[in-house]
Amino acid sequence: MRRSVFWSFIAGYLFFAIAGLLIITFTTTDSVFDSILSSHGRNAYTFAKDYATDISKHINDNDLEASVKDYFSALPNTASSVWVTDIYGNVLFTNAQYSKKSLAPFTLSAYNTQYYGKSNFFGYYPYDVLTAYSPIKVDNTTVGYTFFNMSYSAIQLETHVIIKHLYATYGLIILISFALLFIFFLYVYLPLKELRRAAFEYAKGNFSYDKLNVSSNDELGDLAASLLYMSHQLNETEEYQKTFISNISHDFRSPLTSIKGYIQAMLDGTIPPELQNKYLGIVLSESERLERLTSGLIDLNSWNTKAPGLVFEDFDIDAIISSVIDTFHGRCEKRHIVFDYTKGSNFVFADRSKIEQILYNLIDNAMKFSPDDSAISIKVYSKGEKYYCSIKDRGTGISKKDLAKIWDRFYKTDSSRGKDKTGSGIGLSIVREIINAHNQTIDVVSTEGVGTEFIFSLLKSNSKEAKYRKSHNVDQQYT
C-alpha cells in the first residue's frame, strides 16, 4: 500500500515524541540521579576528610575525645549529621539526637573504596542515607573516623526537580516540532500535492490544466512555474502538431487531387487526345510542386536537427542578388513588378549556395505578396564589421498577431496576405535556420497596408572574425 509523505512525517513525529518520553522516563532519570548522587558523595567525602584532617591537627596528648570536643566547640554552625567515633565505633561527637555511646555493630564494609555509600548508618536511620567517612590519622595511625550523612530523599527531590525541568523542556521541543510539522504541511506538503496532481494531469495529456496554485518564492514555486511553462509549451506543441498535420495534408492533397483528376479524365476520355498534352503539362507542374514540397521538408528537417556543414568563402553578394533577380524576370514582366536595386560590390564571408537560397526565398515571398504594378526594394549597406541586406515589398503587410509566427513551419498568414495559396509555409523556416547556422541575425518589420521588410546580416570578408577564421582554418560550420 502506497504511503503518503505527510503520514510518514506524522509517524516519524509520533515515534520521536514517544521515544523521547521513554528515554527521559527510564534512562535519563536514572542517569541524572546517579550523577547527582556521585556529586553529593564526593562533596560529602570532602567534608568528612576536611573534618578528619582538622581534628588530627588538634589532638593533644593523644586525647582524641578532648580534641574533638575542643574542635567542634569552635564550630557552632557545624553542618548536620556529623559524627566522630574512635576506631571501635564509640561516638565521640555528633550533632544528631543520639542517646547511645557506640555505633554497633561497627563495620565499614557497607561503604565502597571511595569512602561513601548507601546505608542506614548502623541502623540509626529508618531510611537509606548517603554516608561518607574519612579516617582520623596521627602519625599514619588511624585513631578514629569522621562521618557525614545526607538523606537520599533530598537527592531524589533534587533529581525530581531536574527531571521536571527536562519534561517541561521536552514538551516545549514537542510543541516547536509540531509547529514545524504544521509549517511543513502548509508550505511543503500541500504544494507537493498540487504539483503531483498537475503532473498526473499532464501525464494524461491534459496540458490545459491550469489549477496549479503554487506561487511561493522558493524551489517549489520555481518547479510549479516550470511545470506550467512546460504544459503551455506542450499544449502549443500539440496544437502545432495538429496544424502541421492539417497543413501538410492540405498541401499534399491539392496537387494529388489535381493529378488524379486529370489522369482519370484522360483515361476515361473526358479530356480528348488533342488536349492531353496541355493537361499533362499541368500534371507535371503539380508533380514538381509535390517534389518541391518534399525537398523543402527534408531540407528543413536536416537544418532543424543537425545543420549540414557550411562552406564559407568570400563572394560578392551583389552578384548573387543580381543573379536571383534575373530568375524572376518572366514573372516580373507579367505582373509589371520592378526591382528598386542599385548593384554595388560588397564582399561577404558566408556559404554562397545557402545565401542564394535565402535571397531566392525572400524575393519569392516579396513577389507573392506584392500587388501588380509595384516595386520591390533591395539594398545592401554596411554597419560595423557586417553587411546588412534589406528586401522590402509594398504588399498588404503582416498583422502584429501573425508577425511572431511567420517563422513557424507551415504557418501561412492567408487571412492578411492571401493572394497566393501555392506556398508550403516552410520557406521562412528554412531562411531562419540558415541564418542561425551562420550565427547571424534576421529581423522583420511590417506595417499593415504598407508592406514588409526583411533584414539579415552577414560578415564582411575583411572583418576581424572572418580573417581569424580563415587564418586559423576554423571549422566551417558555426555552432
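In what order do the five strands of the open sheet stand? The order is 2-1-5-4-3, with antiparallel pairing; strands are DSSP runs of E of at least two residues, helices runs of H or I of at least four, both numbered from the N terminus, and two strands pair if DSSP finds at least two bridges between them. The model is predicted, so local features need pLDDT of at least 70 and side-chain atom pairs count only at pLDDT 80 or more, whereas totals for chains, interfaces and linings use all residues. Residues are numbered from 1 along each chain as its sequence is written, and side-chain values use heavy atoms, without hydrogens and water.

Five bridges join strand 1 (residues 82–86) to the antiparallel strand 5 (residues 141–151). Within strand 5, threonine 146 is the bridge partner of valine 84.

Helix 8 (residues 352–368) comprises 17 residues. Twelve of these 17 are buried, that is, under 20% relative accessible area with a 1.4 Å probe and protein chains only (exposed, over 50%; partly exposed, in between).

The whole structure contains six salt bridges, each defined by a side-chain nitrogen of Lys or Arg within 4 Å of a carboxyl oxygen of Asp or Glu. One of them joins lysine 368 and aspartate 364 at 3.4 Å, N to O. Both residues are in helix 8, four residues apart, or about one helical turn. Lysine 368 is buried at 18% relative accessible area, as is aspartate 364 at 13%. Another salt bridge, at 2.9 Å, pairs lysine 470 with aspartate 314; this pair links helix 12 (residues 464–471) to strand 6 (residues 312–316), 156 residues apart. Lysine 470 is partly exposed at 37%, and aspartate 314 is partly exposed at 36%.

Note on methods:
Expected span 1.5 Å × (residues − 1).
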